[in-house]
Amino acid sequence: MSMLELRGVSKSYGQGGAEVHALREVSLTADEGEMVAVMGPSGSGKSTLLTIAGTLEEPTSGEVLVAGQPISTVSRNAKARLRRRVIGYVFQDFNLLPGLTAAENVSLPLELDGLSARKARVPGLRGLERLGLDGRAGHYPDQLSGGERQRVAIARAMVGERRLLLADEPSGALDSANAQAVMRLLLDACKEGGMAAVVVTHDAQLASWADRVVFLRDGRVTDQTAVAPGPESLLTPERNQ
Amino acid sequence: MSVRYAMLALLSEGPKYGLQLREEFEARTGEVWPLNVGQVYQTLQRLERDGLVESDGTSDEGPQKGFRITADGEQELARWLRTPPDLSSPPRDELVMKVLVALYVPSADVHAVIQAHRRYVVELMQQWTRIREDDAGDLNTVLAIDAELFRLDSVARWLDAAEARVNRAASDGTPPWGDQASTRNQTRAPLPRHRREVRVRR
């Protein structure tokens, strides 16, 4: 099942001569258990695509469906509920609240959704434990390393019953080893947790973790990778002789 | 990778049979560089001729013939490990040539050419990443695949940079081969040393 579907989505800002087309007729799907990477240079429309997919912005034309539900038909409150319960965000600069501990940051979306702090803490701690951060639950963001902060951000994006992960350059501020670890966590969330993920990045090494890579240029989808064949195709003796 | 020095490195751990050397070479390079039996024995014969390894003296030329490294072999291996490979001359890269040629061919869309190569490179990187994750416990394989991924990544980055330069040149109204009229009378900056040497050879 498609957790995210963009059908002919366009987005423009301004009018007349000052009109800027950020996205043009973009169609994209991300199924349960699938990680899709969107690659493109700065200004290609990657971040706009993600904010529209996350229902934070409305498209100028076209349709967005999250978990099969057309966003244009749901109320403002229902959209906010969808963002709290179904969609998880991972930002490049983590966006953790500095006055809250790691556990409080992770359980915050559940509290905002009406759960008591005490009840929200349980899945929050479980999320931290899943990402190897159980010893850091009481630490504040400035007491954590960059890699740990990003893992807390991923735990927050996955807490509860989220089914769609949207990540904007999720490892841009990290070194190579931590960046790979972040991508491994996102992929595990898809393969083991059944989530769908859309990761936007300009980095080919990070995009290569995805099941499918979609290329964006000047607001248009220009190309995508084919489904990768089995790894053994690179290891045949004929190729190496 | 040099099979010659890989054999010396394996023998530096202790005496081994020919078949064992082949199996260990493949295992330690994560089967990224498979060897055939002929390559192994030819290399061992040359190493023996050069006094870098010695065999156990049996007349058996088959897989059970044993080899050990000599003192000269140990020295040669140490020298090789510390010697950087020659990276001073840029390789003649077919992909680079294709993008450069596309700039001059009137019917070619250079963006489409760049994207075709970019897609291929990213598809290869997807496959290598999957192999690395499947073999995450094997350090030799992981390191060999990391090297390949970094190499392919540099190709992808070059394609991005090339596209950005082509776009900039188009928005400046400069033809992709440069504004020759305005540069004809200007003094060119000296080329890097190896480029000048290449020109002298021509």
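This tour goes through a predicted model, chain A and then chain B, one selection at a time.

**Whole model**

Start with everything displayed. The model as a whole scores ipTM 0.85 and pTM 0.79.

**Chain A**

Select chain A. Its secondary structure comes to 8 helices and 10 strands.

**Ser116(A)**

Stay in chain A and select α3 (102–112) and α4 (117–130), then the loop between them, where Ser116(A) is found. Is Ser116(A) buried or exposed? Ser116(A) has 9 other C-beta atoms within 10 Å, and a residue with 12 or fewer counts as exposed, so Ser116(A) is exposed. Val159(A) and Ser116(A) are 43 residues apart along the chain, and their C-alpha atoms are separated by 15 Å.

**Chain B: overview**

Hide chain A and select chain B. This chain has 9 helices and 3 strands. Followed from the N terminus, its elements run α-β-α-α-β-β-α-α-α-α-α-α. Buried residues make up 20% of the 202 residues in chain B. Among contacts in chain B between residues at least 6 apart in sequence, 55% join residues at least 24 apart.

**Chain B: the sheet**

Select the strands of chain B. What is the order of the 3 strands in the sheet? The sheet is open, the order is β1-β3-β2, and the pairing is antiparallel. At the edges are β1 (16–17) and β2 (53–55) of chain B, each of which pairs on one side only. Zoom in on β2(B) together with β3 (residues 66–69) of chain B: these two strands pair in the antiparallel sense over 3 bridges. To see one bridge in this part of the chain, select Ser55(B) and its partner in β3(B), Phe67(B).

**Chain B: two domains**

Colour residues 3–82 of chain B as domain 1 and residues 94–179 as domain 2. The C-alpha centres of domain 1 and domain 2 of chain B lie 37 Å apart. How many residues does the contact take from each domain of chain B? Domain 1 of chain B gives 4 residues and domain 2 of chain B gives 6 residues. On the side of domain 1 of chain B that touches domain 2 of chain B, the residues divide into 1 nonpolar, 2 polar and 1 charged.

**Chain B: confidence**

Finally, colour chain B by pLDDT. The average over the chain is 81, and 80% of the residues score at least 70. Select residues 181–185 of chain B, where the pLDDT is below 50; beyond near neighbours in sequence, this stretch has 1 contact in the model. Then select residues 191–202 of chain B. The pLDDT is below 50 here too, and this stretch has 3 contacts in the model beyond near neighbours in sequence.

Key:
Residues are numbered from 1 along each chain as its sequence is written. Chains are lettered from A and ligands numbered from 1 in the order in which they are written. This is a predicted model: local features need pLDDT of at least 70, side-chain atom pairs count only at pLDDT 80 or more; totals for chains, interfaces and linings use all residues. Helices (H or I, at least four residues) and strands (E, at least two) are DSSP runs, numbered from the N terminus. Two residues are in contact if their C-beta atoms, placed from the backbone, lie within 7 Å. pLDDT is the predictor's confidence in each residue, from 0 to 100. Two strands pair if DSSP finds at least two bridges between them. Domain bounds come from an automatic or database domain assignment. Ala, Val, Leu, Ile, Met, Phe, Trp, Tyr, Cys and Pro count as nonpolar, Asp, Glu, Lys and Arg as charged, and the others, Gly among them, as polar.
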